[in-house]
Amino acid sequence: MGIREDHNRFREIVKGRIKKNFKKYVTQGEMIGRREKEFVKIPIPSIDLPRFKYGPKQSGGVGQGQGQPGDAVDGEQQPGQGQAGDSPGEHVLEADVTIEELADILGEQLELPRIEPRGNKKVDSISNKYTGRAPVGPENLRHFKSSYKEALKRSIASGTYDPLNPMVVPIKRDMRYRTIRKVTKPMANAVVIYMMDVSGSMGEEQKEIVRLESFWINAWLQRNYKGLETRFIIHDAAAKEVDEKTFFSTSESGGTLISSAYKLCQKIIESEYNPNEWNIYPFHFSDGDNWSGEDTKLCIQLLKDYFIPRVNQFSYGQVESKYGSGQFLKDLEKSLPGEESLVISRIENKDKIVDSIKDFLGKGR
Amino acid sequence: MANLTPELEKERVKILKAAQEAGLDFYETIFEIVTYDQLNQIASYGGFPVRYPHWRFGMDYEQLSKSYEYGLSKIYELVINTDPCYAYLMEGNEFIDQKLVMAHVYGHCDFFKNNAWFGPTNRKMMDQMANHATRIRRYMDRYGVETVEDFIDVCLSLENLIDRHAPYVTKSNEPKDHGPAPVSPDGKLKVHKSYMEKYINPPEFLKEQEERRAEEFRNQVRGIPENPERDVLKFLMEYAPLSSWQQDVLSIIRAEAYYFAPQGMTKIMNEGWASYWHSKLMTEKIMNDSEIIDFADRHSGTMAMAPNGFNPYKIGIELFRNIEQRWNKGQFGREWTECSRLDEKKAWDKKLGLGREKIFEVRKHYNDVTFIDEFLTEEFCIENKLFVYKFNQRTNEYEVDTRDFPLIKKKLLFQLTNFGQPIISVLDANHNNRGELLLGHLFEGIEMQPDYMRATMQNLQKIWGRPVHVATVQDKERTIIGFDGKEYTSVAI
């Protein structure tokens, strides 16, 4: 039916528009606010067909009901039950895009490699697919192309094939039928542990950056793993585990002991996520202002001895703020050079979010 | 074709008979039951089973399906103006709904057949649409989907620039243009005395003069178009540098726009008429007692009017009823208009019984503009609590502006004229003597939305090739906005 074709074309155009303005969408928090369960609503104004028309707000109209001049007209403008074939409605288009589609666009735009799950690949999903071919089977599963190929092969081999009159007559022996083939898929679970510094020096803007980054990181990892779990840890001088909402809304003051968060993260992994079975992704966001050099040493120790051998990738994002010195990043770079599974990214402002996502996810781990 | 259940078929025959007895006259009407998804598909295609491929239909389909799936809206009926008429019923609607819809559809079909404004429409449009689809698919195969689709986008953005009244004016073959008429029929001055003839009208001089006039006429620079041309699409087909496939695509878009135009021109009347008849047939003939509550519920749902939404069903049905009542009681003519006593007017009843006849006449000759212009009365506005609303910049809200009758009427007529869209015509195809296109916007107090205007001008420029200009009003100044493919210019006049 034609409409499917038109509908697919429309979806393609929507995706094309998103791709075109992708950087803008990534750095806009507004869009994530419009997230519903599995959809994100994206306003796409430019997809409308432009026309010569009057501005809607200027023109007003005729209505019906109570009220004195000057009273507000409540209720929404409803076109009523229209008859089809009339002029198309006026609307700003909001396209629903699934998070998976977004993740795909993200992957395509940033050229992210697919993640290779690591560790032992447990076989836990088996699905049946009609990809096999068999010489016997029911007629409705007959595979035309394979059957034709068989017939062609036979006629060439037997010398009856004439290129000038390329007629191929299949016989029963040539027939090929689709058949079930068991496909086993390794299934891997993954957990993302977000840690954020909520000390006084982390302002609203910094948190917004973290929020945006975590949205996209989640979207991408979700695309790559079935059953992604997320955990949230906030810390200043002490760390605690919180839920997502608290994670993004808490504002504390006071000092910063990064090791407190790392220790808590270690505890969570030890008690709940066996590194042999889980793909583990700790992300830590901070402005890089640790309390003392002693503590930083402790952190580096923890990274080296505990995290790096066990997790897929340990990511540290340093959100620049005007108060932070950013020393922690320098320390990490100095003491752990060339560590493959440690990714460090500096995020100066919102515009750098895209680059930093690429830093974090570009390794395909 | 028809796949009605036996129960529905029985009802259909009953409704058909009742409709015919009431005097409705329509082409054969074929009902089909379809699933909601099929109905959404057909609706996004404007009622037709086949249209040319375009993403816009897919967009409409997505919106219809979403809003149906979320329970926000539901299409009850869909009928198209063809011969025979095709109407679709949605599978799974309640029995009473289906009956109501059938009665409503017969109203529409009668209107399609008899209203003068539908007169010139192609009743075999279904074939025509399929034909269009084939042609466009062929172009897509030959020139590439994207190329053709981009061009369709451009055409659709200009789709509303047609002359809606053109189909009703039958022009005899273009009169031959002989140039300005001479002073007297044979170019001679009046001669009282015949012997003076060759002195007053020397033949050589006359001949010379005639040649001079002809020469002058030949050399005269006449603009293209000679008169402002409302049918911008036709003008572009004739004069824009288009390849033949582009010309054909443009002609397809134009033909379809003309086909749908009468539906926009008679929205209030058409819906009002159909609603009038479904209500009449259902309550008087078709419905049984147990269905009355559901009917009332459905009927009032359709008639409901949101405070700042204008419901053509409601205004239409009320106006038809109002007209019927007035002509039944003889509330028209000079005597009625000149009567200034309210009590007398209230009790006015000459028992003429002309109402039914009158509404049939109205449905034959009028369109929304003339309908409102002639039959919207002050009493009607008061009774139906009509008002004009406007947008208040300060409070960022719509608010009631006035309940003054002349202003309500003016606003309504304004909204209906040209579908409330700006009136635009081609003024000059050789603007600035550089082959640039100049369009004129007939300014009526409301400015065009600038971003849309600029985007539309880009599309216009793509077709025209040379720079394009629109003479309009922006920020309360008469301005000519120009676009040359790269930059916009703005010149105050």
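Select A:Gln64 and B:Leu386 to begin: in this predicted model, B:Leu386 of strand 4 of chain B is the bridge partner of A:Gln64. Helices (H or I, at least four residues) and strands (E, at least two) are DSSP runs, numbered from the N terminus. Residues are numbered from 1 along each chain as its sequence is written, while chains are lettered from A and ligands numbered from 1 in the order in which they are written. Because the model is predicted, local features need pLDDT of at least 70 and side-chain atom pairs count only at pLDDT 80 or more, whereas totals for chains, interfaces and linings use all residues.

**The interface of chains A and B**

Now display both chains. In total, 70 residues of chain B are in contact with 47 residues of chain A, a contact being two residues whose C-beta atoms, placed from the backbone, lie within 7 Å. On the side of chain A that touches chain B, helix 1 (2–20), helix 4 (56–59) and strand 2 (61–64) of chain A each give two or more residues. Helix 1 of chain A gives the most, with eight residues. By class, this side of chain A has 22 polar, 15 nonpolar and 10 charged residues. Here Ala, Val, Leu, Ile, Met, Phe, Trp, Tyr, Cys and Pro count as nonpolar, Asp, Glu, Lys and Arg as charged, and the others, Gly among them, as polar.

**A helix pair in chain B**

Select helix 1 (residues 6–21) and helix 4 of chain B. Their axes come within 10 Å and cross at roughly 35°; axes are lines fitted to C-alpha atoms, for helices over the stretch in contact, and angles run from 0 to 180 degrees between N-to-C directions. The crossing is right-handed, that is, the near helix is turned clockwise from the far one by less than a right angle. Helix 1 of chain B contributes residues including B:Leu8, B:Ile15 and B:Ala19 to the contact, and helix 4 of chain B contributes residues including B:Met102, B:Ala103 and B:Tyr106.

**The nonpolar cores**

Keep B:Ala103 selected. Along with B:Tyr106, B:Val232 and B:Val249, B:Ala103 touches the most other members of the largest nonpolar core, which has 111 residues. A nonpolar core is a set of buried Ala, Val, Leu, Ile, Met, Phe, Trp, Tyr and Cys residues joined through C-beta atoms within 7 Å, and a residue is buried if 20 or more other C-beta atoms lie within 10 Å of its own. Helix 4 (residues 95–114) of chain B gives the most to this core, with 10 residues. Beyond its neighbours within four places in sequence, B:Ala103 is in contact with residues including B:Ile15, B:Trp277 and B:Leu281. Finally, move to A:Leu212 and A:Trp216, which are among the 65 residues of another core, apart from that one.

**Each chain as a whole**

Chain B has 20 helices and 10 strands, and 38% of its 493 residues count as buried. Chain A has 12 helices and 11 strands, with 31% of its 365 residues buried.

Technical notes:
Pairing = 2+ DSSP bridges. Buried ≥ 20, exposed ≤ 12 C-beta atoms within 10 Å, placed from the backbone.
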